[in-house]
2 protein chains.
Amino acid sequence: MAEAAAQDLLLAAAFVSDAQYNRNIPFKTSPEAVRLYQLYNHWMMRTATYFFIFLNLSLALFEEPAVYPLPFLATSVLEVLCLLVFLGRLTHFAKVTLHNVFWKDTKNICIMVAILLSLTDLAIYGVLRLYDVRSIRWSRIVRPIFLINFAESRQIRRAFRSIRNTLPEITYVFLLFMFSLLMFSLMALKLFGERNLQTAEGLPYFRNYLEIVFDLYVLVTTANSPDVMMPAFDFSSWYALFFIAFVIINTYIFMSLFLAVVYNNYKKHLKNEIRKLAYMKRRKMIEAFNLLKEKEGEQFVVREARWKQLVKLVAPDTSSSHRELLLRISDDEQKGFVGTVYLPWDQADPCHSAADKKSFVQLADLLNIQVVTLKIRRHPLARWVPALYGSAPSRLLRSVVRHRAFVWTYDAIILINAIFIALDEESPYISYAEWVFLAVYVLEILLKVYTYEPREFFGKTQFWNWFDTLIIFAALTATILNATLKSTMKYNSQQILDIVFILRVLRLIRIVDSIQRFRVIMNTLINIVPTMLTFGGLTLVVYCVFAIIGMELFHGKIQYFPANSNTPHALECGNPALKDSLFARGKYCKNNFNNFASSFIVLMELTVVNQWHVFANGFANVTAQPAKLYFIAFHIVMVIIIVNIFVSFILEAFFVEYSLEKSEVETAIEQKIQELGMGVQEIQDSGCSAAAHVRGRDTPGGRRPFL
Amino acid sequence: MAEAAAQDLLLAAAFVSDAQYNRNIPFKTSPEAVRLYQLYNHWMMRTATYFFIFLNLSLALFEEPAVYPLPFLATSVLEVLCLLVFLGRLTHFAKVTLHNVFWKDTKNICIMVAILLSLTDLAIYGVLRLYDVRSIRWSRIVRPIFLINFAESRQIRRAFRSIRNTLPEITYVFLLFMFSLLMFSLMALKLFGERNLQTAEGLPYFRNYLEIVFDLYVLVTTANSPDVMMPAFDFSSWYALFFIAFVIINTYIFMSLFLAVVYNNYKKHLKNEIRKLAYMKRRKMIEAFNLLKEKEGEQFVVREARWKQLVKLVAPDTSSSHRELLLRISDDEQKGFVGTVYLPWDQADPCHSAADKKSFVQLADLLNIQVVTLKIRRHPLARWVPALYGSAPSRLLRSVVRHRAFVWTYDAIILINAIFIALDEESPYISYAEWVFLAVYVLEILLKVYTYEPREFFGKTQFWNWFDTLIIFAALTATILNATLKSTMKYNSQQILDIVFILRVLRLIRIVDSIQRFRVIMNTLINIVPTMLTFGGLTLVVYCVFAIIGMELFHGKIQYFPANSNTPHALECGNPALKDSLFARGKYCKNNFNNFASSFIVLMELTVVNQWHVFANGFANVTAQPAKLYFIAFHIVMVIIIVNIFVSFILEAFFVEYSLEKSEVETAIEQKIQELGMGVQEIQDSGCSAAAHVRGRDTPGGRRPFL
């Protein structure tokens, strides 16, 4: 009996934990399966999976063409290891989920196919290599599939789903845009084709239809404005009207249209997902409730003792005062049990389920709210040397540090520091000044630690204190290291010096924190970092795929030689086909697809868009003409779709930050904390108090991005 | 007594008309003032005002430095004429509004000051000119004030107010952005300043702090990517990280932040304005009601006869069947009068006032809804030659034209036409083909007019029929003109030929209308044209101001010489200071501020952003260094603020189009039309029927852009 109760508790904890972290996995309910499931969700397992995903992706750095070459054997062993880990993770997942659910999920099928393909390709490549036949490692482009499809990267998958849903609509707008482009190109051919005009490079201007289409496509991205217009404009001023009409229609209207379509779909899609998540959360919580319920008079309830056991199991590191607080919110009238679900889940508005106070269902949301328990501790020095710490000079010192003028003084010091940094380094006085500044900053940190309680000063939410301390001590270390190297070996390490410079400038950022308005914007920016990381994952996937294709297409075609090299065709990037091209003239030789890192940098430059036609033309010169298609495809995928998704991300995140009012659950907690004012004071004696600073977790269910 | 009633009716009509067109002018209520007020709002008066505003703005084309020079006397007479018209319009306005309201309105003060300044400046300039002293016509930059401040251009004023309200928030983000820029510049100076690197042009790289700030500001606009990175990247690949971090933070995050701030404020502001408009509209309608009300039992009402008189006065060109329909909606139970205002306006939610059916108040909204009264007329030929028109071959012909295959055949013909256009013009067969195509298209229009009733075919809402017919007949005229010129004078006029080419390609657009999905997007685009025109006005104002300043600063500094000119320094735009500059090498000489039209084209190119730093450096070379500030200021105003407002416009307009459901008033009308189904059929005998196609006017009150 007791064992059955313990098992129910375990299962209920698994449901609550799923609801808390928005996991939607239908797991088996046998005791072993639940234990396995908890292991599956353990943070170490998840971190390990991520580690192997990134290891697998970063193999491209060490494989031919390599940034840091490793023997084929080493990389293939590592790859097999990664694939085995993925297989293990998948098997683990299969063991905890229901059989038919597992095999219906395309995610799992995708992973299996990807593992199979990778192994086959690796085997074929290895065998061919033994016989000295060079082949293509085509399976490398399936590697990002692991990043997308492992259950942990829900956000990235959502972004991809959002893209997939947007595609039909985007396609229609894109076709209309292409139609407009083709029409304008036809007009351009008729208007300028027979005028015998020449471009600034002396090439024929607007003669060939396909080239006109490419040139005007580039104009849509604004990358060749105004060059593409100048020959026609020089011929007759009226022709400027053609290009103005083109830019207004295609660059301004169509590109805004793309953003509108992407943003609209993104919003719609996100709304649906949040609704689904809320529904799923409620369902899981009700299942947990049903496991733990006991009859109390007319209704079913969960008794206080079981409730506490559950919370301890789900969130082992909440303090007892925090748990007490949550209980007081859930059991408002202190009856000794937590109420039932008031509305059946299929009737309630799923979006407002969290608003249903006093019920058991809100526990998942309550657990997501970060309650900072401020421990009012005495300063360690006050305990160790109370006489000294409490003496008049010590008290004066501490009140000076707490005074506003202290902050202002240091702001002034930072400004003076900025001037010194800008000044010339050569003068010895200035390099001495650097030591003075370092000493002053270290003193500041020591004074603050002397005044404030150290554990409070370095609390989890004290971003700027951590930032300051890390920057200062890194700068101190690097400066000492550099000085040692200089005095002992008469040698300046460039890397260390660069790091010293960067740290020295980063120190100045602190001044932003002193101005209230800036702090607000900075906090908003810091809050949207998680959203941006999702976008980073999305970008990584697209970059990986395009980098691997790019390396197959363009590897070795363009080489970089240092300025004083006397290799033949060093100025033409080692390729005579580039003679007189804009690519060689712009000295772009180092932008090539010769290894994974270079490819990423080229793709970054293509994302920024400017001069991408020079790249496209350059690579088309050294390979076949269809090379341009690669660059156009990248532009469509990255700039038209992904960057617009990113802008939608940022817009939405910002509107949410702007319109953020505290959710009802958050308000309930704050209210309770205030209500319990005295109670909290009493608890304080035991070393803890619950602070009124409450903030929702950044999960899609925790926020309400839409009204 | 009858006279008093007529005066009340006139006054009520003025109130209703104000409510209908969202005018918020507190006019005097004396009979003469109301008549003057109606004259003030007459479309001819408004058109005349616009004509003189644009005449005044376009004077810049004829004044020194002129595109088409006119003697100073002519332009100054025209300017004085414009100013007198503005003064007249303002006096007219003063006569109809209340005294204290007039003098409190900054708009009116602005106009008066602008007129005064313009006259003073003109006088001073004229006098100095008599003594051959050249001075600056500085008052020309106040001319756009007339475009902004005349009451007709409410939309532009709203956009400006929106900008003004956004400014404080934008400023904080901008300061933070500048801080980030300065920090990165300092880092760049420290990292690259002492490496003795050189740019692709062989100039020193990143030595001077201010130049670094400018270069990195240009990088934010992406205009010098990747050139600005290449020297550092060639030196060490790791330095790419610096530029990647810079682009992510400043280009992607900060620029999205600007869009987010602008869009957020724009939305908030628009919401407030719409609320205010709805409130004002309701108030005006209630004043009208109070003028016309009579006691009927317990309540006040407006009797049917007076109601009809009022509608006739407000909208003289509504058909009697339309009026009947509106009456049936307003007087739902056919009691012979129109109901009272159910809720006092100060209690009602102003946003939902229009939903308050059956009341008098909704009349303004009802009048705004476009009800297409389709007249079911017999074809004129059926009346003139009934035997012939009704004969079997004629009926067959008409059913052929009505068949889907007819549309498909013409789509196929358009595609074949497109191929012929792309082919070479020289072959005589192809130029004959052009005549064949023209004939085929003319035949299509004739057949359609034969089949469909001509007045229906050329109805107000038949955009594509109008488009087709205009394009085909313009092409026919131009082609015949060209052929005549060619055969009689052996001479091809370039202008006519260009127009023929453009018309020929425009014909192809028709194919878009055949595909349902494209038609939807096109209709959305056509619907947001009014919104875009507002933006056009905004752009015009900014361009005018910057063009006039630009002409003062840079006039004559850069000259364009045709390619075969042997003027000294022809390749350096007539200015030796430009030797070896990117500006001269890019052959940008025709991009100068030598007249109003050129300035506009340069500003357009600066708006597109690409290569703007080449312009900035070029003009800084030929004048003083601070010239760059002009270009930076233009970038901040135009690209950071105005283009973001434009994108907000488009986004909002699109979301509204996407989420557009019919308003309650529109639904009420459709319902009534269906209810009256039989009744409408009866009316039909008198030649009219009310069609169910109902569409709201594009006024801010008519739509509900926000939920």
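How many helices and strands does chain A have? Chain A has 31 helices and five strands, where helices (H or I, at least four residues) and strands (E, at least two) are DSSP runs numbered from the N terminus. This is a predicted model, so local features need pLDDT of at least 70 and side-chain atom pairs count only at pLDDT 80 or more, while totals for chains, interfaces and linings use all residues. Residues are numbered from 1 along each chain as its sequence is written, chains are lettered from A in the order in which they are written, and side-chain values use heavy atoms, leaving out hydrogens and water.

**View 1. Here is where chain B touches chain A.** On the chain B side, 90 residues are in contact with 90 residues of chain A (contact means heavy atoms within 4.5 Å). About 8300 Å² is buried between the two chains, with carbon and sulfur atoms giving 72% of that; buried area is the accessible area (1.4 Å probe) that two parts lose on being put together, summed over both.

**View 2. Let's zoom in on a salt bridge between B:Arg195 and A:Asp498.** Their closest N and O atoms are 2.8 Å apart. To count as a salt bridge, a side-chain nitrogen of Lys or Arg must lie within 4 Å of a carboxyl oxygen of Asp or Glu. Helix α11 (residues 240–292) of chain B gives the largest share of the side of chain B that touches chain A, with 13 residues.

**View 3. B:Arg23 and B:Asp18 pair up by their side chains.** This salt bridge spans 3.0 Å, N to O. B:Arg23 counts as buried because its relative accessibility is 9%, and B:Asp18 is buried too, at 0% (buried means under 20% relative accessible area, exposed over 50%, partly exposed in between, with a 1.4 Å probe and protein chains only).

**View 4. Now look at B:Arg137 and B:Glu79, another salt bridge.** The N to O distance is 3.2 Å. The pair links distant parts of the chain, 58 residues apart: B:Arg137 sits in the loop between α6 (106–130) and α7 (144–149) of chain B, and B:Glu79 in helix α4 (residues 72–96) of chain B. B:Arg137 is buried at 8%, and B:Glu79 is buried at 1%.

**View 5. B:Glu273 reaches B:Arg161 in a salt bridge.** Here the closest N and O atoms are 2.9 Å apart. B:Glu273 counts as buried at 9%, whereas B:Arg161 is partly exposed at 28%.
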